[in-house]
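Hello,

Here is the structure for your files. My notes on it follow below.

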Amino acid sequence: MTLLSHLLVSAATDAQRTACIAFYSCIGFTLISTANDASATDTWLHLFDTPPTAYSIKTAQDIADAELDNPTRSQEGAKVALRIVLAESLNNSADYDIDASFARLSDLKGADPVIGASVYLISSHLKEFDAALTAAGFASVLYPLKKGFQTLVSYDPVGNLVCVSDVQPAPFVPAPSPRISPQTAPSVSEQTRKKFTGLPTSSVDELSPHLDAYLPTGQNPIAYTSETINNFPVSKKIGVLTSGGDSSGMNAAVRSVARIALQRGCVPFAIHEGYEGLVEGGDMIRKLGWGDVRGFLSIGGTVIGTARSARFRTREGRLLAAYNMIKNGIDALVVCGGDGSLTGANLLRSEWKGLCDELVDTGKLTTSECEHLREHLTIVGLVGSIDNDMSCTDITIGAVTSLHRICEALDSLTSTAQSHQRAFVVEVMGRHCGWLALMAAISVGADWVFLPERPPPIDAAKYGENWEEEMCERLSQNRKLGCRVSLVIICEGAIDQNLKAINPDYVKSVLESRLGLDTRVTTLGHIQRGGAPCAYDRYLATVQGVEAVEAVLRSTPDIPAPMIGMNENKITATPLMDAVQKTQEVAKAIAEKDFKRAMDLRDPEFSSAYKAYIESHLLGLENENQIPEDQRMRIGIIHTGAPAGGMNAATRAAARLCLNRGHVPLGIKNGFSGLVRSEVAPISWQQVINWQSLGGSELGTNRDHPTPVAGTNVPDISDAYATGFIDCGLIAYALQKHNIQALMIIGGFEAFTSVVTLNAARQIYPAFCIPMVILPATVSNNVPGTDVSIGSDTALNTIVECADRIKLSATASQKRVFVVEVQGGNCGYLAVMGGLASGATTVYIPEEGISLDMLQRDAKHLNSRYLEEEIDAKKNEGRIIFRAEAASSTYTTQMLSAIFKDEGKGLFDSRTAVLGHLQQGGIPSPLDRIRATRMAVNCIDWIQSAFAEAKENRLISKGASKLDTAAFANIAGYNNNPEHAVVVGVRGSDLVFTPVEKLLDETDLGKRRGTKAWWMGLMRLIKVLSKYYYEPARAE
């Protein structure tokens, strides 16, 4: 037997369980088994899609008789299994009340009842079910649907909304329905009962699309249900507060928590001014509606405020906080803040029962007021901190935006420093964590950086504790090479190896006295906390807010309070106090001078980033990092495809690392066509000064592509974007002419197909038998083998900044929708991520295309939103819709705008905005600079390893039979192993190297994109947050 669905219903008493058996027997379920002893709690029924059972169940004896009627208990043909569990811990033990049920059914008038259903069944026996429910004393209503279909709606004895229809809707995730108390239910007259037993006056004529964000695509069961229904006796009331230092992205988190809570049938509350508002109560605690968080995405800081509360640190203050929460019915708390804020939340949770007992004992609350809240307080933590100092998460909300502010300031300082040949000592925030200082140093190419976790000097064996001498030698070397700027970054918690604080003014005095540099000190201060959040922080806060609500709904007293984090590009939930304790261990390790352990306690990326900074940014002294001469290479660096932010940063890091190690970095200008024209020259240290902050491609790039060689096993890579094709023989000759022993290709999909072509031609041209690595650089993020490409984050930030301005224009004009076209080719990454980060109403991407049904649905949604604002006399909100440039050849951006304008019927207007090549230009974002540096360093490491392996083994694959092997056997590094033509990619938090031959299996060459798109699941979330599936009359 194969069951398509499993339902779980929890009953508080045996009488409720008996009533549930009777109810579900009326809608086609057949009793299979019940508990044989008093300690057992399970009863099983199966749905066979047959008319209702003929017997009536009122007592335990009736149950026994029903089981005798089905002695074989055959399960063949069953479609749904229903398990009724006796859970005496549930608070609601009230008997079924038909008047209350009719009252609740009457509340559904004008709404789509299926949206809030806990159980949805498909059957052709609606009339029989309705008659059986009426005869058994249960309230039910038949709703008419489009094309003559119907839906039967009823509440089961424990308060779950059950819908049975003769038409199948789109998949959806139902929201658990709250139980109803007969004592508080309004009395319903016989006349009212008759009114709602007949056909309702609802205008519902079709089934709305339903939230399917958590169901696999294509799931099509006969019954739709959440994993467990009746987990929550009442709707959860979720308080959200921001505490501690503010960080950009907190507002995006509040918006996400509020809207997902409403969507899931909960009631969100904003607690203003952090824990102080929780202690103060009154107007500091306010219910949040859908529109209350409008516009939050683009606002920095925290709209609901934050404060450091001395009162909350006392038990008396926490007692007041508990009182205010119970008075407002709040039984869950989502806290966005740092380790101190999350520790305070966990303390409140641990004291909760004692605080409730004290409030009852002192008469401040009655037992009935706090009975359902007394045993357990749900706490969920979101880490909002610019310092990125929390363990168990790779990144915290606000850290990347703070890095943006720092890099903007440092980029500006560089121009004035160059004018006067000055040195600047810049202090940044971070306390005990040097993440901001280190990432800023990598992003702007600082000459020196001071970190709390890694006190100077770098070479303790040579300099002992005299870090001043080491720093001055490094800066002096740069000055001799022609650098006009000296930039030193100090984390505010920087120390030397004796734990003595390193003061910016002291560093200034050292530079002035020992090097004679005109030095200035700049403390960036709170400018690092301000400004609109960057694209990444909006994305991070949004998806973590979704997970926070889900964590609330699955919380039990036995589950430790979770902290929502991000690890390997996946949302995670870690025990909150475990993360706090590991975070505090870093400060402890520093205090004990165990600096190695302090570095190890940071995430692995921190240590690798520090190593990358030392090797690729600081000039080695006296050949200290150079490798043996027989291992040194001539490494060609080439750009191909469209320009992308971060190309120059990658080239700079690779070239300087090569110079430090003794390799010869060769800059190949203007792509493969420049290579065959011999536009090849060594790159010097001073040549790449300031390249990390330059957009575009300093080497020059184009879409010229190697011509596939006839007779090789190269797949069809006909490239509609190629501007020209270069003969492989000419490329091979150029490589030999310039003695290029390894190739690092920085580019997008053209780089991938180029290496596929060269790798296939190795059996013809031995010059291609060298290590080749692709560093993905494209705004489209369409290169297989990596989650992100450098350049995509810069493009996203450009899109979000433009969208914010467009939204302001649309809102000022009111009643206006902008259709915004973004780049990406046949990949929808920019449209989806940009749409989520900017609050787009919907997104059209090539992966899904555009259909007339989609346009009708979206036009109807826009009309309903603007009409709702008209009726409620609210200010009309400007809206944007994102369309990827290749989403449809028929439905162009102009056509979409015209369709929406016409369908608006004067309710709203429509305009277009095509962002175009703005997305490819501009200063690279800090994330792109960091990724470029990290990937470039790893590329050189891989090239060295591949070269050494080939040199040692003299590998010649079986496919090399056509080659004159004797002629190449003694050439160092010669290798036609297909494992040595790879793509370097970010997978989670790791960097991986994948051969291009293997990646062909996950590549759609015709569409120029990979087939594994981790971001596709976010499409549904965009619609959820745009109110596609939310019914305010039902949830508010």
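**What was found**

The bridge partner of threonine 842 in β30 is isoleucine 881. Please keep in mind throughout that this is a predicted model.

From β29, the chain runs through helix α26, residues 852–871, and on to β30, a β-α-β crossover that is right-handed. Strand β29 covers residues 842–844 and pairs with β30 in the parallel sense, over 3 bridges. Strand β28, residues 816–822, also pairs with β30 in the parallel sense, here over 6 bridges.

Strand β30 itself spans residues 879–884 and is mostly covered, with 6 of its 6 residues buried. Arg879, Ile881 and Arg883 point one way from the strand, while Ile880, Phe882 and Ala884 point the other way. Both sets are buried.

Arginine 883, in strand β30, may be worth a look on your screen. Why does arginine 883 count as buried? Its relative accessibility is 3%, and the cut-off for buried is under 20%. Leaving aside neighbours within four places in sequence, arginine 883 is in contact with residues including Val819, Val820, Glu821 and Val822. Its contacts also include Tyr844, Ile850, Ser888, Tyr891, Thr892, Thr893 and Leu896. Tyrosine 844 is 39 residues away from arginine 883 along the chain, yet their C-alpha atoms are separated by 4.7 Å.

Next, the cavities. A search of the whole structure finds 10 cavities of 30 Å³ or more. The largest cavity has a volume of about 550 Å³. It is lined by 31 residues, and the closest to its centre are Tyr536, Glu605, Leu927, Arg931 and Gly988. The elements that give two or more residues to this lining are α12 (435–444), α16 (535–554), α19 (604–617), α24 (792–813), α25 (829–838) and α28 (926–953). Which of them gives the largest share? That is α28, with 5 residues. By class, the lining of the largest cavity has 19 nonpolar, 4 polar and 8 charged residues.

Helix α12, one of the elements in that lining, is mostly covered, and 10 of its 10 residues are buried. The buried residues of α12 include Trp435, Leu436, Met439, Ile442 and Ser443.

Elsewhere, serine 754 lies in helix α23, which covers residues 749–760. Is serine 754 buried or exposed? Serine 754 is buried, because its relative accessible area is 0% and anything under 20% counts as buried. Not counting residues up to four places away in sequence, serine 754 touches Phe672, His705 and Pro706.

Finally, the overall figures. The secondary structure of the protein comes to 32 helices and 35 strands. Of its 1036 residues, 61% are buried. Among contacts with a separation of 6 or more, 78% are between residues 24 or more positions apart.

Regards

Definitions and conventions:
Residues numbered from 1 in each chain as written. Predicted model: local features only at pLDDT ≥ 70, side-chain atom pairs only at ≥ 80, totals over all residues. Heavy atoms only, no water. Buried < 20%, exposed > 50% of the residue type's maximum accessible area, 1.4 Å probe, protein only. Helix = DSSP H or I, 4+ residues; strand = E, 2+ residues; numbered from the N terminus. Pairing = 2+ DSSP bridges. Right-handed = clockwise from strand over helix to strand, strands pointing away. 1 Å grid on protein atoms, 1.4 Å probe; cavity = no way out; pocket = protein on both sides within 12 Å on 5 of 7 lines; lining within 4 Å. Points joined across faces, edges and corners; volume = space filled by probe spheres on them. Nonpolar A, V, L, I, M, F, W, Y, C, P; charged D, E, K, R; others polar. Contact = heavy atoms within 4.5 Å.
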